[in-house]
Amino acid sequence: MSSRPITHVHAEPFDHFVRGRFNAWFFATLDTYINRVTEPLKQAAFGSLAATTVVELGPGIGANLTYLPAGALLVAVEPNTRMHAALAARCERAGVELRLIADSAERMPLADASVDEVICSLVLCTVPDPDAVVREVRRVLRPGGRFRFVEHVAAPPRSVRSRVQRALRGPWGWTFEGCDLHRDTGAVIERAGFERTTMFERVLRGSIFYPVNTAICGIAWR
Ligand SMILES: C[S@@+](CC[C@H](N)C(=O)[O-])C[C@H]1O[C@@H](n2cnc3c(N)ncnc32)[C@H](O)[C@@H]1O
């Protein structure tokens with residue numbers, strides 16, 4: 001597929017300079033590893049994705065492009081300017097058309113009930129207002145449209161991981177541009193008022209990233 005222009009339709013991006021560059025490097029370098037560790041959850045959430053237009057919240061450098069059919073249009077809601085060049089290059093290599101919305105998912109410039117599929121991975125941990133984001137997702141989805149998600153979440157209360165998550169919350173959040181290790185994202189999705197939600201929680205076996213190894217994945221239907 002030939003290169004198509006990126007359309008900036010709305011712009012309120014952020015740039016954390018050194019941290020942004022670090023995160024773009026980190027997720028590009030560990031992309032294969034993170035995708036391998038999360039593969040069972042991504043398969044469950046994204047494996048049946050067949051739509052030709054997909055809205056992705058916070059796609060970063062394009063971690064989920066392999067789940068999109070070639071020729072698909074990716075509407076990428078990614079406010080972090082340090083991710084944009086790698087995302088555009090990867091979309092081009094994957095034959096996926098990119099429409100970049102350089103703004104926060106808390107307020108998407110998309111019409112009500114206009115979208116069939118919204119996906120995200122490892123994003124609701126990081127957005128400043130996860131309830132507002134999930135409300136936005138529900139607003140833009142058509143009745144019957146799907147929100148597919150893979151997220152790391154707060155470990156069970158009183159577990160060792162839960163204590164580690166709370167201890168590391170501050171420095172981890174600073175390093176990973178707002179990522180909250182101890183967020184109950186499942187509850188956020190449950191209370192958003194979707195018609196039906198299926199989700200399950202897993203401990204990611206074999207992952208070296210102990211604090212983020214409690215994860216959920218699922219599909220919520222509008
Ligand atoms: C931990 S990274 C995950 C990136 C990618 N989804 C992945 O699985 O590798 C979190 C992503 O969320 C993006 N992000 C942060 N705040 C956001 C917001 N308010 N709306 C949309 N995306 C946001 C970040 O820029 C970053 O790309």
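User: What is the volume of the largest pocket?
Analyst: This is a predicted model, in which local features need pLDDT of at least 70 and side-chain atom pairs count only at pLDDT 80 or more, while totals for chains, interfaces and linings use all residues. A pocket is an open set of points on a 1 Å grid over the protein atoms alone, where a 1.4 Å probe fits, with protein on both sides within 12 Å along at least five of seven lines. A volume is the space filled by probe spheres set on the points, which are joined across faces, edges and corners. For the largest pocket, the volume is about 860 Å³.

User: How many residues line the largest pocket, and which lie nearest its centre?
Analyst: Lining residues have an atom within 4 Å of a grid point; residues are numbered from 1 along each chain as its sequence is written, and side-chain values use heavy atoms, with hydrogens and water left out. The lining has 46 residues, and nearest the centre lie F27, L122, V123, C125 and T126.

User: Which element gives the most to the lining of the largest pocket?
Analyst: Helices (H or I, at least four residues) and strands (E, at least two) are DSSP runs, numbered from the N terminus. At least two lining residues come from each of α1 (18-29), α2 (31-37) and β1 (53-57). With five residues, the element that gives the most is α2.

User: Where does the ligand sit?
Analyst: A molecule sits in a pocket if more than half of its atoms lie within 2 Å of the pocket's grid points. By this rule, the ligand is placed in the largest pocket.

User: How many residues surround the ligand, and which are the closest?
Analyst: A residue counts as near if one of its heavy atoms lies within 4 Å of the molecule. The ligand is surrounded by 20 residues, the closest being G58, E78, A105, E106 and S121.

User: What is the distance from a polar side-chain atom of S121 to an oxygen atom of the ligand?
Analyst: A polar contact is a pair of N or O atoms within 3.5 Å. The side chain of E78 has an N or O atom 2.6 Å from a ligand oxygen, and E106 has a polar side-chain atom 2.9 Å from a ligand nitrogen. For S121, the distance to a ligand oxygen is 2.6 Å.

User: Which element gives the most to the lining of the second largest pocket?
Analyst: This pocket holds about 160 Å³ of space, and its lining includes D31, R90 and R93. Two or more lining residues come from each of α2 and α4 (84-94). With three residues, the element that gives the most is α4.

Methods:
A polar contact is a pair of N or O atoms within 3.5 Å; within protein, one must be able to donate a hydrogen and the other to accept it, and residues adjacent in sequence count only if both atoms are side-chain atoms.
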